[in-house]
Amino acid sequence: MFNRIYKEKGIESVLFFVSTLTVAVLFLICLFLFRDGILLFKETSLLDFLTGRFWYPTSVNKQFGLLPLFLGSLLVTAGAILFSVPLGIASAIYISEIAHPKVADFLKPFIEILAGIPSVVFGFFGLVVLVPFMQNTFNLPTGQTALTGSIMLGIMALPTIVTISEDAISSVPSTLRQGSLALGATRWQTIYKVIIPAALSGISAAVMLGVGRAIGETMTLMMVTGNAAIIPSFPGGFLDPVRTMTATIALEMGEVPQGSDHFYALFAVGSVLFIITFLINLIADSIKKKYRFKVD
Amino acid sequence: MTEAIQNVSQPQIEVENLNLWYGEKQALKNISMQIPKNSVTALIGPSGCGKSTFIRCLNRMNDLVKNCRIEGRVLIEGKDIYGPDVDVVDLRKNVGMVFQKPNPFPMSIYDNIAYGPRIHGVNKKDLDGIVEQALRSAAIWEETSDRLKSPALSLSGGQQQRLCIARTLAVKPRIILFDEPTSALDPISTSRIEELIMNLKKDYTIVIVTHNMQQAARISDYTGFFLMGELIEFGQTRQIFHNPQERSTEDYITGRFG
C-alpha cells in the first residue's frame with residue numbers, strides 16, 4: 001500500500017521535474033542572453049545601439065548600430081507577410097470550406113510536409129532557382145535581395161498560417177453555416193460575412209505565429225538576401241541586398257573573440273530578437289485564448 | 001374571396017412520392033403530403049424516423065449533405081423546388097428555417113436581424129424599420145430595444161431562439177420550418193416560443209418537427225407521424241391524437257414506444 005503511494009508520488013515528481021525543466025531552460029537562456037548582451041552598454045549607450053545607423057563591428061571606429069539589421073529584418077518579414085497572409089488565408093478557406101473532403105485530405109499532408117523541410121533546403125532552392133530568376137527578371141547586379149528573402153520566407157511561413165487558420169475556420173460551428181445558408185445567403189456570402197468574422201481571432205493568431213516564424217528564420221535568409229548591413233530604402237530596398245538580425249548573429253558569431261564588444265553586441269542583438277518573438281507569441285497566445293472562449 | 005377559395009384548393013406545400021437516400025441507406029420512403037396555407041403542421045415520431053430529414057427537403061438544406069439523393073417532387077406554391085430552373089437562394093428566402101439549437105451569429109443583435117435583408121440588397125435606410133418589426137413579431141423587442149448593439153450571444157438561450165426566429169422573419173419568408181426549436185430550452189422559454197408560433201400562423205405557413213407530443217397537440221392544426229422513414233399517418237391533429245387510424249400511431253402517442 002505504502003509502496004504504491006510512493007510510486008505514485010515518484011511518478012508525479014518526475015513529471016513535475018520534466019515540465020519545470022522546460023521553464024528553467026527558458027529562464028536560463030534568457031538570463032545568459034541578457035547578461036552578456038547588457039555588457040555591450042559599458043562601451044556603447046543603449047540609445048546609440050538602438051538608433052545607430054551603422055553596423056561596423058570590426059573597423060577601427062567600431063559602431064554597433066542596430067538599425068540596418070532591424071530594418072533589414074522588418075523589410076524581409078513585412079514582404080513575406082504581405083504575400084503569405086492573403087495566400088495562406090485563401091488556402092485555409094479553400095481547404096476547410098470549399099474543397100471536397102477528399103481533396104482537402106489530399107492537400108493537407110503536403111502543407112504539413114512544407115513545414116518540415118529544413119530551412120537550409122529552402123535556402124539552397126532559393127539560391128539556385130530564385131536568386132538567378134530575380135537577377136534576370138529585374139535586371140539586377142545581384143539576385144540576392146530582400147524580396148528574394150521575403151518570397152522564401154513567405155513560403156516557409158505559409159504552413160503555419162494555413163494550418164492554424166484552417167483550424168480556426170473549421171472550428172466555427174456548422175450551425176452558423178446552416179443558419180446563414182437558410183436565410184438565403186450564398187456560400188461565398190456565408191464565408192466572408194459569417195465564417196471569417198467568427199474565425200477572425202484564430203486567423204489573427206495564425207498570422208502572428210507566422211510573423212514569429214518569419215522573424216526568427218536564419219539560414220534561408222543568410223543564403224538568399226546578400227547580407228549587406230545597409231539601411232534599406234523603402235520600397236526600392238526590396239531589390240537591394242539586406243542583412244537581418246538573425247543572419248548577423250549566425251555569420252559573425254564564429255569569428256568574434258569571446259569577451260569583446262563585438263561578442264556582447266551580438267548577444268544584445270539576440271536579446272532584441274528574443275524580446276520581439278516573445279512579444280509576438282504573447283500576443284498570438286492571448287488572441288487565441290479569446291477565440292477559444294468564443295467558440296466554446 | 002377568390003383568394004380564400006384558392007387557399008383551400010391549392011395547398012402551400014405539396015410533396016409527391018418523395019424518396020431520399022443517404023448513400024445506400026434509404027431515409028425517406030415514398031412520402032406524400034399536402035400542407036395548407038396559414039396552418040401549423042407538426043411532424044412527430046421517434047428519433048431517426050426521418051422527420052428532420054424530411055423538413056430539410058423543404059428548403060433544400062439536404063443539398064449540403066454529401067451523397068444525398070432525392071427522388072419525387074416537392075411543390076411550393078405549385079412550383080417544383082427541385083426543378084432545373086430553381087434558384088436555391090430564392091427558395092430559402094421564401095422558406096425560412098429555425099434550428100434546434102439557437103444559432104445567432106457572433107455579432108450584435110441588430111446585425112443578426114439585418115444580416116438577411118442586407119445580403120438580399122435591402123436599402124440601408126429601411127433596415128431600422130425591418131429590424132424593429134422583426135423583433136416585435138418575434139416578441140423580443142421589449143427585451144432588446146435598448147441594447148441592439150450588444151452581442152447576440154449575451155442573450156439567454158430562449159431569447160437567442162426568439163432572435164433566430166426574428167432573423168428568419170426579417171427576410172419575409174412565406175413558410176417557416178422549425179426543426180425542434182424548443183428541445184434545448186427550459187419550459188418557460190418553450191411556452192413563449194409556442195405562443196409565438198401560434199401567433200405567426202396568421203401570416204405564415206409553419207411546419208414544425210418536434211419530439212414533444214404535447215407540443216404537437218397544443219400548437220398544430222395538422223400532424224404527421226413518421227416511423228422508419230415512412231409517413232404512417234397524416235391528418236388533422238385532433239383526429240391523429242383522439243382517433244388514430246394506424247396501430248403504430250396509437251402506440252406512439254400513448255407512449256408504448258418512442
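Helices (H or I, at least four residues) and strands (E, at least two) are DSSP runs, and both are numbered from the N terminus. These legends describe a predicted model, in which local features need pLDDT of at least 70, side-chain atom pairs count only at pLDDT 80 or more, and totals for chains, interfaces and linings use all residues. Residues are numbered from 1 along each chain as its sequence is written, while chains are lettered from A and ligands numbered from 1 in the order in which they are written.

**Figure 1. A cis peptide bond in a loop of chain A.**
Let us start with Pro235(A), which sits in the loop between helix H9 (219-224) and helix H10 (245-252) of chain A. The peptide bond leading from Phe234(A) to Pro235(A) is cis, and its omega is near 0 degrees. For background, most residues other than glycine have a negative phi, and most peptide bonds are trans.

**Figure 2. Chain A as a whole.**
Step back now to take in the entire chain. Chain A has eleven helices and two strands, and along the sequence they follow the pattern α-α-β-β-α-α-α-α-α-α-α-α-α. Taken along the principal axes, its C-alpha atoms fill a box of roughly 75 × 75 × 35 Å. Of the 296 residues in chain A, 41% are buried. A residue is called buried if 20 or more other C-beta atoms lie within 10 Å of its own, exposed if 12 or fewer do, and partly exposed in between, with C-beta atoms placed from the backbone. Two residues are in contact if their C-beta atoms, also placed from the backbone, lie within 7 Å. Among the contacts in chain A with a separation of 6 or more, 75% link residues 24 or more positions apart.

Seven residues of domain 1 of chain A touch eleven residues of domain 2 of chain A. On the domain 1 side, the touching residues are five nonpolar, one polar and one charged. Here Ala, Val, Leu, Ile, Met, Phe, Trp, Tyr, Cys and Pro count as nonpolar, Asp, Glu, Lys and Arg as charged, and the others, Gly among them, as polar.

**Figure 3. Where chain B meets chain A.**
This contact takes 15 residues from chain A and 19 residues from chain B. On the chain B side, helix H3 (88-94), strand S6 (95-98) and helix H4 (109-119) each supply at least two residues. Sorted by class, the side of chain B that touches chain A holds ten nonpolar, five polar and four charged residues.

**Figure 4. An open sheet in chain B.**
Four strands of chain B form an open sheet in the order S2-S1-S4-S5, with antiparallel pairing. Two strands pair if DSSP finds at least two bridges between them. At the edges are strand S2 (25-35) and strand S5 (79-80) of chain B, each pairing on one side only. Strand S4 (residues 68-76) of chain B is joined to S5(B) by two bridges, and these strands run antiparallel. Look for Ile76(B), whose bridge partner in S5(B) is Lys79(B).

**Figure 5. A hairpin in chain B.**
Strand S9 (residues 222-227) and strand S10 (residues 230-236) of chain B run antiparallel and are joined by six bridges. Phe226(B) has Leu231(B) as its bridge partner in S10(B). Two residues lie between the strands of this hairpin, where Met228(B) takes a positive phi near 50 degrees.

**Figure 6. Helix H8 of chain B and its buried face.**
In H8(B), the buried residues are Ile193(B), Glu194(B), Ile197(B) and Leu200(B). Seen down the axis of H8(B), they fall within an arc of 125 degrees, so they line one face of the helix; the arc is that of the directions from the helix axis to the C-beta atoms. These buried residues of H8(B) pack against strand S3 (40-44), helix H7 (157-169), strand S7 (175-179), strand S8 (205-209) and helix H9 (213-219) of chain B. The face turned away from the buried side carries the exposed residues Pro187(B) and Ile188(B).

**Figure 7. Two loop residues of chain B with positive phi.**
Asn67(B), in the loop between helix H2 (51-55) and S4 of chain B, has a phi near 65 degrees. Asn67(B) is exposed, with 9 other C-beta atoms within 10 Å. Lys172(B), in the loop between H7 and S7 of chain B, has a phi near 60 degrees. Lys172(B) is partly exposed, with 18 other C-beta atoms within 10 Å.
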